[in-house]
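Hello,

Here is the structure I said I would pass on. My notes on it follow below.

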Amino acid sequence: MYKGTLIAVKNMDESKKFYHDILGMDVVADFGANVQLENGLFLQTIDTWSNFISNQDIHLKNNASELYFEEVDIDTFFAKLKAVHIEYVHEPLEHSWGQRAVRFYDPDHHIIEVAEDIVMVVKRFCNSGLSEEEVAVRMDVSVVYVKKCMKS
């Protein structure tokens with residue numbers, strides 16, 4: 001059974017602060033070298049992680065993966081990011097299906113994506129005057145999916 005994702009970090013205190021202050025994640029359990037955050041994200045000190053993998057090299061900022069989050073109020077989140085120093089992968093943008101997103105690095109150069117809650121994208125388009133059928137075409141999803149989102 002899948003339990004979560006573990007990432008290696010150089011500075012545990014800095015990482016805990018980043019994930020709490022930027023992404024609102026609270027610590028569930030703190031064992032010093034290993035910290036469990038909400039929703040199955042685990043932080044492991046880089047030294048401990050290196051020992052666990054037989055002292056193999058650890059390559060941060062590899063751009064091969066990301067941690068994905070969604071926000072109901074993406075505009076408020078974008079404003080929050082402007083108030084802190086963040087190294088961006090890219091500034092906020094809108095994907096072809098209409099979902100707005102931003103990608104940036106955590107203190108150890110793990111990529112973080114924060115995107116607009118997909119249900120909110122559907123509702124935003126419907127509230128703008130598009131029919132459910134037009135929203136389905138715009139987002140390349142089924143009308144059934146659009147209707148389900150509108151009911152939630």
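In this predicted model, helix 4 (residues 118–127) packs against helix 6 (residues 143–151) at an angle of about 95°, and their axes are 9 Å apart. Angles of 65 to 115 degrees count as roughly perpendicular, so helix 4 and helix 6 are roughly perpendicular to each other. Helix 4 contributes I118, V119, V122, K123 and C126 to the contact, while helix 6 contributes Y145, V146, C149 and M150. Sorted by class, the residues in this contact are eight nonpolar, one charged and no polar.

The other part I looked at is helix 1.

Which residues of helix 1 are buried? They are M12, S15, K16, F18 and Y19. These residues lie on the same side of helix 1, because the arc they cover around the axis is only 160°. An α-helix has 3.6 residues a turn, so residues three or four places apart point the same way. D13 and K17, on the other side of helix 1, are exposed.

K16 may be worth a look when you open the file. K16 is in helix 1, which spans residues 12–21. Its relative accessibility is 19%, and the cut-off for buried is under 20%, so K16 counts as buried. Apart from neighbours within four places in sequence, K16 has contacts with V27, D30, V35 and L43.

Regards

Definitions and conventions
Residues numbered from 1 in each chain as written. Predicted model: local features only at pLDDT ≥ 70, side-chain atom pairs only at ≥ 80, totals over all residues. Heavy atoms only, no water. Helix = DSSP H or I, 4+ residues; strand = E, 2+ residues; numbered from the N terminus. Buried < 20%, exposed > 50% of the residue type's maximum accessible area, 1.4 Å probe, protein only. Contact = heavy atoms within 4.5 Å. Arc of directions from axis to C-beta. Axes fitted to C-alpha atoms, helices over the stretch in contact; angles between N-to-C directions. Parallel < 35°, antiparallel > 145°, perpendicular 65-115°, else oblique. Nonpolar A, V, L, I, M, F, W, Y, C, P; charged D, E, K, R; others polar.
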